[in-house]
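Reader: I would like to learn how to read the packing of helices and strands in a model. Could you take me through an example?

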Amino acid sequence: MTARIGSAEMLRRLVGFDTVSRNSNLAAIEFIRDYLDGFGIASRLSFDDEGRKANLFATIGPSDQPGIILSGHSDVVPVDDQHWSSDPFKLREDEGRLYGRGSADMKGFIGTALALVPDFKERATSTPIHLAFSYDEEVGCIGVNRLIEQIGMAEAKPLACVVGEPTEMKPIVGQKGLHVFRCHAHGHEAHSSRTSFGVNAVEAAAELIAGIKTISRRLRDEGPFDDGFEPPYTTLHCGTIHGGAAQNIVPASCNFTFEIRNLPGHDPALLVAEIERHAREQIEPEMHAVDPTTGFTFQPRNGLPDYEIAEDHPAVALVKRALGANAVGKVSYMTEAGLFGRAGIPTVICGPGDIAQAHKPDEFIAKEQLARCETFLLRLAESAHT
Ligand SMILES: [Zn+2]
């Protein structure tokens with residue numbers, strides 16, 4: 001039998017594993033597996049193709065009954081080029097705050113859930129608690145898909161899933177979608193003194209980016225709007241651009257990436273079609289006049305579905321009861337909720353810490369947040385039981 005470990009101590013141990021997404025998370029997952037094993041709880045691991053990373057799924061209570069999933073990602077964002085006051089992988093306490101990479105996003109939640117395992121064992125006698133910890137969330141929510149597949153094969157369909165991203169313990173019932181695209185502007189090289197014989201790919205890309213900006217201004221001014229989100233409209237944004245070889249060459253190639261963060265119900269495909277139309281009708285004709293093989297190609301990169309759950313859904317009611325809260329919110333950042341939702345699992349995002357801390361140097365979580373999360377999870381296990 002494993003000894004009890006408190007939430008803060010469990011967080012300290014988890015922060016000690018450098019689970020930056022590019023690294024293996026196996027040491028952390030094996031630590032969790034051994035800890036659960038000490039309570040007689042079996043873990044099922046699902047690995048990535050190289051076997052360097054794993055998801056962990058474990059059930060406390062009767063696995064043939066509908067249960068509650070507590071979902072968290074084990075990976076964290078890098079600390080490269082960030083100035084930290086102390087070692088980011090050594091939890092440091094100062095004035096009620098616990099500093100360390102992943103303390104808010106989201107080892108605080110995972111640590112709290114693990115610390116409460118002995119309590120769940122006592123309370124989850126009719127409604128099981130499932131622990132679902134993923135890898136590679138911070139690089140596009142990749143790992144969790146294998147975990148969700150596994151859950152789909154489970155005996156009983158889950159009642160609810162709580163994704164414990166930092167919401168300061170506020171229940172979140174909607175998130176925007178995220179769709180990333182790579183655009184390649186293909187031009188025609190020429191000496192820069194002979195611009196009329198070339199097709200300038202950098203300028204073509206710039207024109208299209210200006211077109212994307214025009215669309216994002218229209219969405220800002222004319223909607224559609226959903227005041228639950230900040231900002232309350234679908235946003236577009238270009239994040240990277242690379243093009244040109246030398247100042248005295250008309251550039252033949254320019255690549256840029258852009259993203260759409262869409263409100264639930266606002267179809268991103270319509271916006272992509274509008275951007276493509278702008279390229280074909282407004283920019284390419286002039287390019288083709290010089291060289292018909294020039295133009296734009298679009299490649300979808302990663303996409304994550306938007307998510308929304310009705311405020312009066314029983315899963316939301318369950319979470320609100322356990323929180324003793326009525327107000328719900330929506331978020332514009334990405335979580336695994338959309339993927340659980342797409343698999344038909346009613347999901348609410350709710351966890352300790354402030355998203356403003358996530359990904360930053362000197363990331364911290366307030367101990368008061370961990371305490372609130374403990375109370376919430378204990379009541380959740382209890383209220384589902386009755
Ligand atoms: Zn996160």
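Reader: At what angle do helix H1 and H3 pack, and how far apart are their axes?

Author: Two packed helices are described by the angle between their axes and the distance between those axes. Here helix H1 (residues 7-15) and H3 pack at an angle of about 125°, with axes 8 Å apart; helices (H or I, at least four residues) and strands (E, at least two) are DSSP runs numbered from the N terminus, and axes are lines fitted to C-alpha atoms, for helices over the stretch in contact, with angles running from 0 to 180 degrees between N-to-C directions. H1 and H3 are therefore oblique to each other, given that angles under 35 degrees count as roughly parallel, over 145 as roughly antiparallel, 65 to 115 as roughly perpendicular and the rest as oblique. This is a predicted model, in which local features need pLDDT of at least 70 and side-chain atom pairs count only at pLDDT 80 or more, while totals for chains, interfaces and linings use all residues. Residues are numbered from 1 along each chain as its sequence is written.

Reader: Which residues in H1 meet H3?

Author: Contact is taken as C-beta atoms, placed from the backbone, lying within 7 Å. On that basis Ser7, Met10, Leu11, Leu14 and Val15 in H1 meet residues of H3 that include Ile110 and Leu114.

Reader: Which strands does H3 touch on the sheet?

Author: The sheet is open and has three strands in the order E4-E5-E18, with antiparallel pairing, where two strands pair if DSSP finds at least two bridges between them. Helix H3 (residues 103-115) packs on this sheet and touches E5 and E18, its direction making about 50° with that of E18. Within the sheet, E4 and strand E5 (residues 97-99) pair over three bridges, and Arg92 stands opposite Tyr99 in E5.

Terms used:
Contact = placed C-beta atoms within 7 Å.
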